[in-house]
Amino acid sequence: MTTPLAPRFTDEPLTADELARQKTVACLLKARARSHSPSDRIALALAAALVESNAPVATAADYPGWAEHIAAIQAANHTARKEAAR
């Protein structure tokens with residue numbers, strides 16, 4: 001498998017967000033290179049590719065009603081914790 005990241009060299013200064021993203025990708029690729037587990041290498045390469053792409057994997061529009069569902073679960077959890085604390 002080839003490395004998903006090729007450093008981008010430009011004359012423009014990097015923004016703090018871009019620098020952080022590049023450092024994250026470099027860290028993931030370094031961990032992949034040091035890993036002895038094939039499944040870990042695959043997971044780290046995929047994670048690096050996702051961070052490198054800098055594109056949303058999914059948005060709330062892709063899953064209508066999901067945000068409300070999660071909010072309801074969180075509210076129920078909060079209520080249950082309050083009841084348990086009594």
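Among contacts in the protein chain between residues at least 6 apart in sequence, 54% join residues at least 24 apart, where contact means heavy atoms within 4.5 Å. The structure is a predicted model, in which local features need pLDDT of at least 70 and side-chain atom pairs count only at pLDDT 80 or more, while totals for chains, interfaces and linings use all residues. Residues are numbered from 1 along each chain as its sequence is written, and side-chain values use heavy atoms, with hydrogens and water left out.

**Overall make-up**

- The protein chain has three helices and zero strands, and its elements follow the order α-α-α from the N terminus on; helices (H or I, at least four residues) and strands (E, at least two) are DSSP runs, numbered from the N terminus.
- Of the 86 residues in the protein chain, 14% are buried, where buried means under 20% relative accessible area, exposed means over 50%, and partly exposed lies in between (1.4 Å probe, protein chains only).
- The accessible surface of the protein chain comes to about 7,100 Å², and 61% of that surface belongs to carbon and sulfur atoms; the areas come from the Shrake-Rupley method with a 1.4 Å probe, and for residues only the protein chains shown count as cover.

**Helix α1**

- Helix α1 has 19 residues and reaches 27 Å from its first C-alpha to its last, close to the 27 Å expected at 1.5 Å a residue, the expected span being 1.5 Å times one less than the number of residues in the helix.
- The buried residues of α1 are E18, R21, V25, L28, L29 and R32.

**Helix α2 and the residue after it**

- Helix α2, which spans residues 38-53, has 16 residues and reaches 23 Å from its first C-alpha to its last, close to the 22 Å expected at 1.5 Å a residue.
- Within α2, the buried residues are L44, A45, A48 and E52.
- Seen down the axis of α2, its buried residues fall within an arc of 100°, so they line one face of the helix.
- The buried residues of α2 pack against α1 (16-34).
- Just after α2, N54 takes a positive phi of about 55°.
- The C-alpha atoms of N54 and E18, which are 36 residues apart along the chain, are separated by 9.5 Å.

**Nonpolar core**

- The largest nonpolar core has five residues in all, namely V25, L28, L29, L44 and A48; a nonpolar core is a set of buried Ala, Val, Leu, Ile, Met, Phe, Trp, Tyr and Cys residues joined through side-chain atoms within 4.5 Å.
- Helices α1 and α2 each supply at least two residues of this core, and the largest share, three residues, comes from α1.
- Leaving aside its neighbours within four places in sequence, L28 is in contact with L44, A47, A48 and V51.
- As general background, nonpolar side chains in soluble globular proteins tend to be buried together.

**Salt-bridge network**

- The count of salt bridges comes to two, under the rule that a side-chain nitrogen of Lys or Arg lies within 4 Å of a carboxyl oxygen of Asp or Glu.
- In one of them, the side chains of R21 and E18 meet at 2.6 Å, N to O, and these two residues, being three residues apart in helix α1, are separated by about one helical turn.
- R21 counts as buried at 8% relative accessibility, and E18 likewise counts as buried, at 17% relative accessibility.
- The side chains of R21 and E52 also meet in a salt bridge, at 3.0 Å, N to O, and this pair links distant parts of the chain, with R21 in helix α1 and E52 in helix α2, 31 residues apart.
- E52 is buried as well, with a relative accessible area of 10%.
- Salt bridges that share partners join E18, R21 and E52 into one network.

Conventions: The arc is that of the directions from the helix axis to the C-beta atoms.
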